[in-house]
Amino acid sequence: MNTDPSQVQLTADGRLKHFLTTEGLSLDLLTEILDTADSFISTQERAVKKVPLLRGKTVVNLFFENSTRTRSTFELAAKRLSADILNLDIARSATSKGETLMDTLWNLEAMYSDMFVVRHADSGAAHFIAEQVTPNVAIINAGDGRHAHPTQAMLDMLTIRRHKGSIEGKVVAIVGDILHSRVARSQIYALNTLGAAEVRVIGPGTLLPKDIEALGCKAFYRMEDGLRDCDVVIMLRLQKERMQKALLPSEGEFFRLYGLTEEKLAIARPDAIVMHPGPINRGVEIESAVADGMQSVILNQVSYGIAVRMAVMAMAMSGQQQEKNDPAGQEEASA
Amino acid sequence: MRYLHIENARLIDPARQLDSVSDIYIAEGRIAAIGHKPSCGEIEQSLNAAGQWLVPGFIDLGAHLPEPGFTQKGSIASETRAACASGFTHICSLPDTKPVADSSAVIQQIQEKAAKAGYASVLPLGAATQGLAGEQLANMVGLHDAGCVALTNARQPFKDNYVLRRVMEYAATYGIPLFLQAEDVSLAEGGCMHEGPVATRMGLSGIPGTAETTALAQILLLAEQTGVRIHISQVSTARSVAMLRQARHEGLAVTADTPLANLVYTDAAVAGFNSLYNVQPPLRSEADREALLNAVNTGELAISSNHRPHEIAAKKAPFADAEAGMSLFDAFLPLALQLVGKGELQLSALIAAVSNQPAGVLGLDHGLKEGAWFSAALIDPAAERSFSAQDLYSKGKNSPLNGDTLKGSVSAVFVDGRQVF
């Protein structure tokens with residue numbers, strides 16, 4: 001129970017066996033994910049979209065938090081890898097949450113599943129599950145609390161790579177509610193490893209977590225400063241409940257200061273691309289003219305999402321398979 | 001008169017500037033003589049303690065005993081025995097039991113169980129407010145009369161400063177000491193670890209240092225106004241140490257303690273989402289840890305165990321959902337001696353922080369001096385003790401030592417002259 005999440009997800013020889021976080025993953029491994037995803041994009045364009053990599057495997061979508069979009073892209077990805085998929089929507093019970101989670105896991109183990117795709121409101125939940133379930137079940141983190149959302153980050157990396165050629169040397173700004181954002185944390189690690197020239201976070205003091213710069217980014221309070229020379233602008237969704245928690249005065253003031261308008265976008269490089277993990281709040285963090293404009297790649301992100309999820313599912317299953325065949329290596333890894 | 005004679009032990013009692021290899025003679029529960037044979041009487045039993053330390057028994061200023069109400073986590077018997085294994089003779093039990101220790105009936109129940117178990121002596125802390133709800137005063141005088149050494153609201157907040165003021169005024173009227181934990185509930189709300197770079201990285205909600213210091217400032221001001229005798233329990237930040245120093249400088253008689261875990265670990269321990277390190281107060285930064293160690297070394301802070309045993313299920317959950325607390329009694333002595341071994345903590349400061357200072361806070365006549373009750377621990381500092389799960393006395397499964405073998409073993413514990421361990 002004392003292992004770093006970045007290590008729990010790797011086999012003894014450094015291959016992926018779970019996908020919990022982008023933190024601590026090597027350049028080679030992140031590049032392999034992107035390359036594998038790239039190869040799946042071409043299969044997406046074929047009439048028959050299925051590949052047999054996960055044939056005979058059972059994937060369980062274990063969503064403790066509501067999500068339609070992420071869950072359905074995972075479902076499609078699993079189906080296109082020829083896996084059997086089971087969707088479980090488990091509402092978080094208010095009492096004895098820990099026991100419920102453990103009980104759920106024990107029940108699912110009894111069904112001989114091969115992979116859990118997990119979304120949970122608690123940071124570290126996917127890591128916890130990876131350590132608790134029997135070996136040879138791959139855990140894919142589909143978002144844990146504010147900690148990580150690594151598949152979203154990797155599809156964003158793929159989007160940047162396909163639209164800007166590479167991530168290396170690029171200046172990337174992430175704008176808005178960094179405090180609550182698991183996406184931002186996963187992006188910051190991936191961008192740094194993949195060689196971005198500078199990663200910036202822009203937002204008011206109430207939405208930038210303490211010591212955020214220690215993660216490998218530069219903090220800005222004003223769009224006018226933070227967007228200068230940017231190649232990529234990533235807008236984050238602003239949850240409505242932030243107003244009640246006294247983190248912001250109003251949507252209107254937030255939009256005036258941080259909403260991405262054509263005028264503000266003009267501060268960035270002329271060829272800058274605009275991204276958003278969705279779902280977007282038009283007129284809150286981004287104006288329609290920008291969301292639907294020439295520089296927006298928001299819809300492309302969604303289609304890359306399936307390819308990236310196929311890639312990490314295939315890679316993690318292969319890592320698990322390798323450990324199953326070579327249990328000695330596995331003991332070494334856990335020693 | 002018949003004596004127990006302990007020979008060749010290194011007697012350490014910083015309050016009496018005592019640190020020498022001496023003989024000690026005990027009769028009728030009290031220390032009859034140190035360094036010389038009493039003039040009359042005979043020796044009933046002789047104990048050669050060469051190579052061992054004899055220290056005044058450790059007094060814990062705050063532990064969570066699981067009875068009444070939480071028997072799945074342990075019992076008063078199991079936990080007071082685990083305390084003996086680290087040299088404790090007295091334990092102040094926090095009132096956050098089920099039912100809450102806010103009535104003399106519950107206090108009596110705790111005392112009876114502790115007496116029946118016969119290990120470390122339990123000195124109950126009663127609830128300052130009914131049900132620890134922070135609104136209505138508990139029967140404070142009744143609790144004090146029932147044997148509560150002090151009253152506290154544990155980590156539960158007072159509804160507002162009005163209630164805190166009235167609790168203080170009422171306690172001051174009858175000379176009842178208060179043990180207060182400084183935490184602003186609105187600043188701490190939702191947090192499960194120290195607010196800092198590790199919390200940001202792990203995406204865990206932080207508890208800022210100001211949750212402690214803003215509450216501490218209010219407590220100090222109200223204590224000054226009401227004249228109540230206060231002890232601040234479980235201080236965790238460097239800034240609190242400075243504020244306490246300033247308050248004392250200005251003439252306020254205030255004492256304080258810090259949990260041992262905050263001297264040993266920092267928030268870096270949380271980096272693997274290990275729910276064992278979900279504790280309250282949270283493990284803070286290295287700068288905080290160093291300031292707390294420094295304050296213990298200068299005699300400004302006592303050390304408490306903040307022992308809180310849990311069953312496996314309580315910790316088997318994602319970090320924020322796990323129950324807070326560490327089972328620390330078994331580990332207390334070896335962890336503290338590790339700090340001494342590393343040169344971070346002076347041995348005399350350690351003994352003072354767990355024996356002399358707590359005795360002062362509670363007004364106990366305690367120490368290695370002729371005429372005092374003999375409550376002491378015999379420690380073999382070189383003996384190794386295994387900390388495998390089956391070797392722990394505590395029923396709690398949340399010990400920070402798991403399978404380790406560490407130096408520092410208690411060979412005997414005496415409470416009021418009676419060997420209890």
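Two residues are in contact if their C-beta atoms, placed from the backbone, lie within 7 Å. The legends below refer to a predicted model.

**View 1. The contact between chain A and chain B.** Chain A contributes 29 residues to this contact, and chain B contributes 22 residues. On the side of chain A that touches chain B, the elements giving two or more residues are α4 (97-109), α5 (125-132) and α7 (182-193) of chain A. Of these, α4(A) gives the most, with five residues. Sorted by class, this side of chain A has 11 nonpolar, nine polar and nine charged residues.

**View 2. The β-α-β unit of chain A.** Strand β3(A), helix α5(A) and strand β4(A) form a right-handed β-α-β unit. Strand β3 (residues 115-120) of chain A runs parallel to β4(A), and five bridges join the two. Within this pairing, His120(A) has Asp144(A) of β4(A) as its bridge partner. Strand β4 (residues 138-144) of chain A is mostly covered, with seven of its seven residues buried.

View 3. Chain B is divided into domain 1 (2-53 + 371-419) and domain 2 (58-362). The C-alpha centres of these domains of chain B lie 26 Å apart.

**View 4. The contact between the domains of chain B.** Here, 26 residues of domain 1 of chain B are in contact with 35 residues of domain 2 of chain B. On the domain 1 side, β16 (376-386) and β17 (405-415) of chain B are the elements that give two or more residues. The largest share, six residues, comes from β17(B). By class, the domain 1 side has 15 nonpolar, six polar and five charged residues.

Conventions:
Residues numbered from 1 in each chain as written. Chains lettered and ligands numbered in written order. Predicted model: local features only at pLDDT ≥ 70, side-chain atom pairs only at ≥ 80, totals over all residues. Helix = DSSP H or I, 4+ residues; strand = E, 2+ residues; numbered from the N terminus. Nonpolar A, V, L, I, M, F, W, Y, C, P; charged D, E, K, R; others polar. Buried ≥ 20, exposed ≤ 12 C-beta atoms within 10 Å, placed from the backbone. Pairing = 2+ DSSP bridges. Right-handed = clockwise from strand over helix to strand, strands pointing away. Domains from an automatic or database assignment.
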